[in-house]
Amino acid sequence: MLSDRPFLALFLRMLCNRAADGIAYVVTAWLLLKLTGRVSSVAFQLTLTLLPSALLSPVVGVWTDRFSRRTILMAADLFQGALILFTVTLLLLDFQGVWYVYAMTVAVGISTLFHQIAARALLREIVRREDLLLGSSTISIASQTGALLGPVAGGLIAFHGSETVALASAGLLSVLGGLSVWRIPRGPAQARPASAGAWGWVADYRSGLAALAGNLAARRMFVSCLVFYVSVPFLNFLLPLLLLRQFQLEVTAFGLIDALFGIGSIAAGLALHAIEQRVGERRMMVGGVFVFGALIALFPASGHLAWLGIAYFLTGVFFHSGVTLMSELQGALSPQVQGRIMSLYNFLLSILATAAIQLSSVLLEAAVPVWWAYALYGAVLMGFALLCLLRWSPSPPPAVEASR
């Protein structure tokens with residue numbers, strides 16, 4: 001698939017963007033903990049990241065379906081890079097307080113909202129339905145490779161150099177990713193909704209919701225993706241707290257352990273298509289989500305660094321089963337409504353993640369051990385896989401008896 005020029009451009013964009021996100025996440029989370037010494041500062045930062053999804057998703061979803069998804073994606077990445085570089089400037093000028101980190105978080109959250117929705121819709125636009133799982137898996141490899149390189153680079157640069165140099169690297173990578181999108185051609189004009197005017201997005205959004213409401217398979221995969229992918233912000237919140245508070249590890253260990261998640265996901269992405277052909281989509285989806293939940297529940301069971309690394313690597317391997325869930329959701333929907341449905345998905349995911357993070361923050365500030373949050377969410381995933389996903393996932397086609 002990398003021989004296709006538009007797909008290669010999207011692949012390179014995801015690689016740069018996720019690397020930038022990984023660097024920025026490691027540096028800002030550690031910087032806030034160092035400056036404030038409070039768990040709530042990281043929880044507040046992640047809440048601000050999710051806030052734009054809760055407020056702006058419906059509007060962004062309609063815009064993504066109306067206008068060029070390539071242009072939206074490129075503008076969002078360039079805007080994000082400029083904001084990160086502006087924050088670097090404030091750090092170099094030694095502004096007092098952490099308000100600029102929070103302000104950057106809100107602005108970058110708005111940019112992230114645009115490029116998350118536009119990237120998913122653009123993938124469905126440039127990849128055929130029958131190649132969607134392979135395309136999604138390949139893009140996930142780029143994403144997880146960036147997630148692998150970003151935290152390692154962020155931790156090492158911040159430890160041996162400074163936070164400003166690390167953030168500057170993230171800003172430049174965001175700009176580079178945005179420029180790579182220029183190689184993707186504009187989408188077909190007939191794929192855009194016909195509504196116009198300042199309030200026309202209401203009718204467009206309602207038509208997108210109607211498309212989801214009338215599609216049982218899409219609704220089930222929609223719920224499955226919500227339950228599964230809330231793990232991304234939730235585990236990002238818990239990991240630095242577990243390593244710093246319970247195991248007293250340094251920022252370099254944080255970056256390396258987080259990077260093992262990306263290594264596992266890359267390894268799974270390279271083998272995903274072969275695994276699906278061997279075991280079947282149903283077993284891969286249900287079994288993958290169940291084992292993913294079990295690994296999360298057992299992750300803080302030991303304080304040995306070797307166990308933490310192995311467990312997070314395996315968590316990354318089975319996290320890739322979520323690619324199948326998302327591919328099933330996107331494949332069940334037409335390309336014309338991808339932006340609106342993905343915006344609803346982002347909105348609900350931000351609500352769930354914010355609730356989980358804030359509740360956990362309150363309890364962790366009250367000296368509740370971090371491991372309980374891992375155990376509870378892992379149990380929820382295992383139960384969901386057995387009670388719901390096993391019944392909702394596509395059944396294998398009936399065997400056809402060979403003619404004699």
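Q: OK, what span should H8 have, and what does it have?
A: H8 has 14 residues, so it should span 20 Å, and its end C-alpha atoms are 20 Å apart, which agrees. Keep in mind that this is a predicted model.

Q: What sits at the N-terminal end of H8?
A: Asn 215 caps that end, with a side-chain oxygen 3.4 Å from the backbone nitrogen of Ala 217.

Q: And which residues of H8 are buried?
A: Ala 218, Met 221, Phe 222, Ser 224, Cys 225, Leu 226, Val 227, Phe 228 and Tyr 229.

Q: Let's back up. How many helices and strands are there in the chain?
A: There are 15 helices and 0 strands. The chain has 404 residues, and 54% of them count as buried. Among contacts between residues at least 6 apart in sequence, 88% join residues at least 24 apart.

Q: What's the average pLDDT?
A: The chain averages 79, and 89% of the residues score at least 70. Where pLDDT is low, the predicted coordinates should not be read in detail.

Q: Is H1 mostly covered or mostly open?
A: Mostly covered: 23 of its 32 residues are buried. Asn 17 is in H1, and at 2% relative accessibility it counts as buried.

Q: What does Asn 17 touch?
A: Asp 77, Gln 80 and His 115, if you don't count residues up to four places away in sequence.

Q: Is Leu 173 buried, exposed or partly exposed?
A: Partly exposed, with a relative accessible area of 25%; the buried label needs under 20%.

Q: Switching to the inside: how many residues are in the largest nonpolar core?
A: It has 86, and those with the most contacts inside it are Tyr 229, Phe 237, Leu 329 and Tyr 374. Helix H15, residues 371-392, gives the most to this core, with 9 residues. There's also a second, separate core of 23 residues that includes Ala 24, Leu 90, Leu 91 and Leu 167.

Q: Who does Tyr 374 contact?
A: Neighbours within four places in sequence aside, Tyr 374 contacts Leu 235, Leu 238, Leu 239, Leu 242, Ile 296, Ala 297, Phe 299 and Pro 300.

Q: How many aromatic pairs are there?
A: The structure holds 12. Take Phe 222 and Tyr 345: the ring centres are 6.1 Å apart and the planes are at 80°, so the pair is edge-to-face. That pair links distant parts of the chain, with Phe 222 in H8 and Tyr 345 in H14, 123 residues apart. Phe 222 and Tyr 345 are both buried.

Q: Why does the Phe 299 and Tyr 312 pair count as tilted?
A: Because their planes are at 40°, with the ring centres 5.0 Å apart; tilted is what's left between stacked, under 30 degrees, and edge-to-face, over 60. Phe 299 is buried, at 1% relative accessible area, and Tyr 312 is buried at 3%.

Q: Which residues make up the ring cluster?
A: Ring pairs link Phe 228, Tyr 229, Phe 261, Phe 292, Phe 299, Tyr 312, Phe 319 and Tyr 374 into it.

Q: Last one: where is Arg 129?
A: In the loop between H4 and H5. Arg 129 is partly exposed, at 39% relative accessible area. Its C-alpha is 9.6 Å from that of Pro 335, 206 residues away along the chain.

Technical notes
Residues are numbered from 1 along each chain as its sequence is written. Side-chain values use heavy atoms; hydrogens and water are left out. A nonpolar core is a set of buried Ala, Val, Leu, Ile, Met, Phe, Trp, Tyr and Cys residues joined through side-chain atoms within 4.5 Å. Buried means under 20% relative accessible area, exposed over 50%, partly exposed in between (1.4 Å probe, protein chains only). Helices (H or I, at least four residues) and strands (E, at least two) are DSSP runs, numbered from the N terminus. Contact means heavy atoms within 4.5 Å. pLDDT is the predictor's confidence in each residue, from 0 to 100. Rings of Phe, Tyr and Trp (its six-membered ring) pair if their centres lie within 6.5 Å; planes under 30 degrees apart count as stacked, over 60 as edge-to-face and the rest as tilted. The expected span of a helix is 1.5 Å times one less than its number of residues. A polar contact is a pair of N or O atoms within 3.5 Å; within protein, one must be able to donate a hydrogen and the other to accept it, and residues adjacent in sequence count only if both atoms are side-chain atoms.
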